[in-house]
Amino acid sequence: MFDLKALYIPDTVEEALTLLAEHPDAHIMAGGSDTLVKLRDGKLGGLEWVSLHGLDELRRITLDDDDTIRIGPLASFTQVARSAIVRGRLPSLAEAVLTIGGPQVRKIGTIGGNLCNGVPSADSASTCFAWDAEIEVSTADGVRTLPIADFYLSAGKVDLRPGELVTGILVRRAAYQGWHGAYHKYAMRNAMDIATVNCSTTVRLSADRSTVEDARIAFGVAAPTPIRAPHGEAALRGRPVSQAAVDAAAKAAIADTRARDSWRAAKAFREHMLAEIARRCLTQSIVRAGGRLTEKSPA
Amino acid sequence: MSLTAPQFREISFTVNGRRVTRSVDVRSSLSDLLREDLGLLSVKKGCEVGECGACSVLIDGVAIDSCIYLAVWVDGKEVRTTEGLADEDGNLSIVQQAFVEATAIQCGFCTPGLLLTATELVESGQTYTRDELRTELAGHLCRCTGYQNILNAVELAQARHAEAQIGSPEFWEAVTPR
């Protein structure tokens with residue numbers, strides 16, 4: 001038995017928001033693949049819970065009229081990975097969620113839960129940073145939308161106030177059209193493991209594919225929250241496509257990290273791996289964008 | 001109704017083709033419900049934190065870990081456990097038979113979960129390569145067999161399932177030019 005003081009099971013988003021307004025102290029349970037493990041471990045006991053399991057309207061992955069990709073927060077990782085919309089437009093997000101846990105966990109774990117947990121290692125989070133995703137948060141009274149970087153406040157803490165519910169993960173057309181990305185998770189095992197570090201990048205090349213017009217570099221487990229690496233991005237932006245430029249950007253990106261020592265890995269090792277996987281992700285992103293990486297910048 | 005939080009909820013679902021209605025404690029996991037209330041002891045409790053896959057069951061045809069799934073969530077759904085794999089006469093399913101023939105079993109604790117994930121894969125009609133099968137079976141821990149015979153068994157079951165489809169309506173649908 002899990003130590004739940006009460007379990008509310010709304011059938012619609014409207015009901016869920018009413019319940020959350022009436023019970024501001026209630027915790028939210030999405031797929032349960034993290035929360036039920038914590039409960040089993042004796043944590044989070046004696047609380048009221050709102051189960052979102054019945055809210056099928058939040059499981060859909062759709063394109064809005066303005067081509068904004070709208071991912072329902074209750075979409076399971078398997079659903080995200082199989083979605084034609086995601087595979088066609090944000091393929092690195094499909095790759096990222098397929099590195100989570102194992103097949104059974106990916107079928108119940110949700111992308112919204114992964115983000116709302118606020119942990120820096122969340123595999124979907126760094127990729128959402130790399131695609132400039134926005135988080136739509138609803139209450140009984142209205143809706144607000146904020147960039148994912150603002151959604152993450154500090155370690156384990158996201159900008160979700162009492163009574164609020166994430167109702168969408170949005171990626172605008174300008175954030176994905178013409179962009180190509182890649183994800184790399186470094187962990188001890190190929191399955192059922194948490195990232196020691198991870199990296200997700202996206203790039204946009206010029207029409208002749210000779211110049212990096214813009215780049216985004218995002219890291220997981222490089223700081224208390226997932227982060228972008230503005231120094232690394234600046235080092236690549238506007239530069240001719242070359243391996244040297246990629247290597248320099250990957251190195252520069254480390255200036256933005258605040259990795260720490262833990263029993264999983266030392267700070268120095270994390271920084272070394274972050275630079276290496278950033279290099280690989282940027283290289284792969286550029287190749288996917290049709291760029292040819294030469295050893296040196298063309299004169 | 002849904003704005004209250006009763007300790008027990010009445011739910012109706014299907015287990016191995018049988019319709020079941022039960023009053024369920026909202027705090028129980030699906031593995032609790034299946035083992036303790038329904039006596040389906042093929043559902044093994046291994047780690048109880050979603051790591052080992054021993055408690056896997058099929059919900060609407062999809063394998064999930066029943067230890068980290070609340071019992072009340074199966075309301076209206078269709079559950080399959082290993083008890084439901086053989087037919088009424090006790091003939092083993094294609095997957096079960098393949099596990100026997102490939103000696104994919106030692107102590108047997110991981111077997112019910114693996115049979116169900118394998119059943120999902122085989123019944124999907126897709127053919128998975130060995131590497132893909134390794135990925136698809138990664139949610140199950142087996143401490144005895146070293147996995148090789150399990151992979152052999154699933155490959156054998158895939159081949160037999162494909163063969164059994166020849167001549168079926170789905171087969172003619174797939175091979176008939178439009």
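**Questions about two chains**

Q: Where does Arg209(A) lie?
A: Arg209(A) lies in the loop between β12 and β13 (212-220) of chain A. Helices (H or I, at least four residues) and strands (E, at least two) are DSSP runs, numbered from the N terminus. This is a predicted model, in which local features need pLDDT of at least 70 and side-chain atom pairs count only at pLDDT 80 or more, while totals for chains, interfaces and linings use all residues. Residues are numbered from 1 along each chain as its sequence is written, and chains are lettered from A and ligands numbered from 1 in the order in which they are written.

Q: Why is Arg209(A) called partly exposed?
A: A residue is buried if 20 or more other C-beta atoms lie within 10 Å of its own, exposed if 12 or fewer, and partly exposed in between, with C-beta atoms placed from the backbone. Arg209(A) has 13 other C-beta atoms within 10 Å, so Arg209(A) is partly exposed. Its phi is positive, about 60°, although Arg209(A) is not a glycine.

Q: What makes Met192(A) partly exposed?
A: Met192(A) has 18 other C-beta atoms within 10 Å, so Met192(A) counts as partly exposed. Met192(A) is found in the loop between β11 (180-186) and β12 (197-205) of chain A. Here too phi is positive, near 50°, in a residue other than glycine.

Q: How do you know whether Val246(A) is buried or exposed?
A: Count again: Val246(A) has 28 other C-beta atoms within 10 Å, and therefore Val246(A) is buried. Val246(A) has its place in helix α12 of chain A.

Q: What does Val246(A) touch, leaving aside residues up to four places away in sequence?
A: Val246(A) touches Arg279(A), Leu282(A), Thr283(A), Ile286(A) and Leu293(A). Two residues are in contact if their C-beta atoms, placed from the backbone, lie within 7 Å.

Q: Why is α12(A) called oblique to α13(A)?
A: Two packed helices are described by the angle between their axes and the distance between the axes. Axes are lines fitted to C-alpha atoms, for helices over the stretch in contact, and angles run from 0 to 180 degrees between N-to-C directions. Helix α12 (residues 243-252) of chain A and helix α13 (residues 267-288) of chain A pack at about 140°, with axes 8 Å apart. That makes α12(A) oblique to α13(A): angles under 35 degrees count as roughly parallel, over 145 as roughly antiparallel, 65 to 115 as roughly perpendicular and the rest as oblique.

Q: Which hand does the crossing of α12(A) and α13(A) have?
A: The crossing is right-handed. A crossing is left-handed if the near helix is turned anticlockwise from the far one by less than a right angle, and right-handed if clockwise.

Q: Which residues make the contact, and how do they divide by class?
A: From α12(A) come Val246(A), Asp247(A), Ala249(A), Ala250(A) and Lys251(A), and from α13(A) come Ala275(A), Ala278(A), Arg279(A), Leu282(A), Thr283(A) and Ile286(A). They divide into 7 nonpolar, 1 polar and 3 charged (Ala, Val, Leu, Ile, Met, Phe, Trp, Tyr, Cys and Pro count as nonpolar, Asp, Glu, Lys and Arg as charged, and the others, Gly among them, as polar).

Q: How do you know that the radius of gyration of chain A agrees with a compact globule?
A: The radius is taken over C-alpha atoms, and the globule rule is 2.2 Å times the number of residues to the power 0.38. For 299 residues the rule gives near 19 Å, and chain A has 19 Å, so the two agree. Chain A has 13 helices and 14 strands, and 50% of its residues count as buried.

Q: What about the radius of gyration of chain B?
A: With 178 residues a compact globule would be near 16 Å, and chain B has 18 Å, which agrees. Chain B has 6 helices and 5 strands, and 43% of its residues count as buried.

Q: Which residues of helix α2 (residues 94-101) of chain B are buried?
A: They are Ile94(B), Val95(B), Gln96(B), Ala98(B) and Phe99(B). These buried residues pack against α3 and α5 of chain B.

Q: How many residues does each chain give to the contact between chain A and chain B?
A: Chain A gives 27 residues and chain B gives 27 residues. On the side of chain A, the largest share, 5 residues, comes from α6(A).
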